[in-house]
Amino acid sequence: MGFNPFVLGEAVEKAVCVVRSGVVWRRYYRFRGGRWYGGIATADCVGCNLRCGFCWSWRYGSFTTSAGRLYPPQEVVRRLEGIASRRGYRYVRVSGGEPTLCFEHLKQVIKGLGASGFVFILETNGLVLGRDEGVVREVANLGNVVVRVSLKGATPEEFSRLTGADPEFFNYQLRALENLLNAGMRPVEEFYPAVMISFTPPQNFKALKEALARIHPDLADNIDIELVILYPHVKKLLKKTGLKPLKAVEPGRIPDFMI
Ligand code: SF4
């Protein structure tokens with residue numbers, strides 16, 4: 001029995017978002033450029049509805065609600081546009097925590113960036129999208145979004161071991177993919193699964209591929225593989241949570257397929 005991530009998510013939303021004059025502000029701790037996706041501007045938000053025992057952003061992003069400061073969507077747009085324009089990037093994203101918390105804020109950020117021609121990569125653990133088809137339809141209608149659903153483990157039991165949440169919530173991640181398909185988004189081009197496989201034995205990966213193929217065969221053949229990167233602060237968290245990766249990579253030796 002683990003925690004309910006929707007209950008945690010509501011509490012986190014209350015702590016990291018505030019409405020001012022009808023506009024939703026959210027907490028962020030950093031804005032940066034980076035080499036992922038061939039070059040992407042990133043706003044690192046604060047707050048998540050999971051507690052993954054391997055999370056790279058646990059100190060300032062996902063496990064906290066008090067880091068950084070509040071920003072209105074137009075300021076997030078302005079900063080991301082500035083970074084992307086200066087560096088010649090086409091892609092922008094929100095990382096660090098779970099972007100779909102305080103969805104109204106995220107929607108305004110994506111809309112603002114779409115107006116300037118940027119493609120928004122929505123990296124999400126999928127829980128909110130798996131629960132709420134209305135939110136998924138809104139995402140699909142924005143037009144400038146590619147959704148990367150990052151599955152935390154390959155089976156309900158693995159998900160629970162990695163995130164601390166109850167196993168039943170694993171299926172919301174798969175349902176996110178189903179909802180995106182049903183909302184008319186194109187598999188692989190407009191949405192795709194990623195999975196953290198550092199803790200996944202081969203039989204669990206096989207089970208995941210079968211589950212994905214039942215949603216759409218192309219999803220099973222286009223899984224973005226994630227491996228734990230052993231930054232010192234991640235090693236510290238792994239030690240604390242007792243998770244032992246079967247496979248991992250050193251920070252200076254990240255393989256090309258992960259970038
Ligand atoms: S869902 Fe992502 S941001 Fe949230 S705790 Fe897990 S790895 Fe970290």
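I call a residue buried if 20 or more other C-beta atoms lie within 10 Å of its own, exposed if 12 or fewer, and partly exposed in between, with C-beta atoms placed from the backbone. I take helices (H or I, at least four residues) and strands (E, at least two) as DSSP runs, numbered from the N terminus.

This is a predicted model, so I keep to its cut-offs: local features need pLDDT of at least 70, side-chain atom pairs count only at pLDDT 80 or more, and totals for chains, interfaces and linings use all residues. Residues are numbered from 1 along each chain as its sequence is written.

**Helix 4**

I looked up the burial first. His105, Leu106, Val109, Ile110 and Leu113 are buried in helix 4. Seen down the axis, the buried residues of helix 4 fall within an arc of 130°, so they line one face of the helix. The arc is that of the directions from the helix axis to the C-beta atoms. An α-helix has 3.6 residues a turn, so residues three or four places apart point the same way.

Then I checked the length. Helix 4 covers residues 103–115, which makes 13 residues. The expected span is 1.5 Å times one less than the number of residues. That gives 18 Å for helix 4, and its end C-alpha atoms are 18 Å apart, which agrees. Glycine 117 follows helix 4, and its phi is positive, near 90°.

**Two positive phi values**

Most residues other than glycine have a negative phi. I noted cysteine 102, whose phi is positive, near 55°. Cysteine 102 sits in the loop between strand 5 (91–95) and helix 4. Cysteine 102 is buried, with 24 other C-beta atoms within 10 Å.

I also noted serine 21, with a positive phi near 50°. Its loop runs between strand 1 (17–20) and strand 2 (23–34). Serine 21 is exposed, with 6 other C-beta atoms within 10 Å.

**Around the ligand**

I count a residue as near if its C-beta atom, placed from the backbone, lies within 6 Å. Cys48, Arg51, Glu98 and Lys152 are among the residues around the ligand. The shell divides into four nonpolar, four polar and three charged residues. Ala, Val, Leu, Ile, Met, Phe, Trp, Tyr, Cys and Pro count as nonpolar, Asp, Glu, Lys and Arg as charged, and the others, Gly among them, as polar.

**Asparagine 204**

Asparagine 204 lies in helix 9 (residues 202–215). Asparagine 204 is partly exposed, with 17 other C-beta atoms within 10 Å. Leaving aside neighbours within four places in sequence, asparagine 204 is in contact (C-beta atoms, placed from the backbone, within 7 Å) with Ala154, Thr155 and Glu158.

How values were computed
Contact = placed C-beta atoms within 7 Å.
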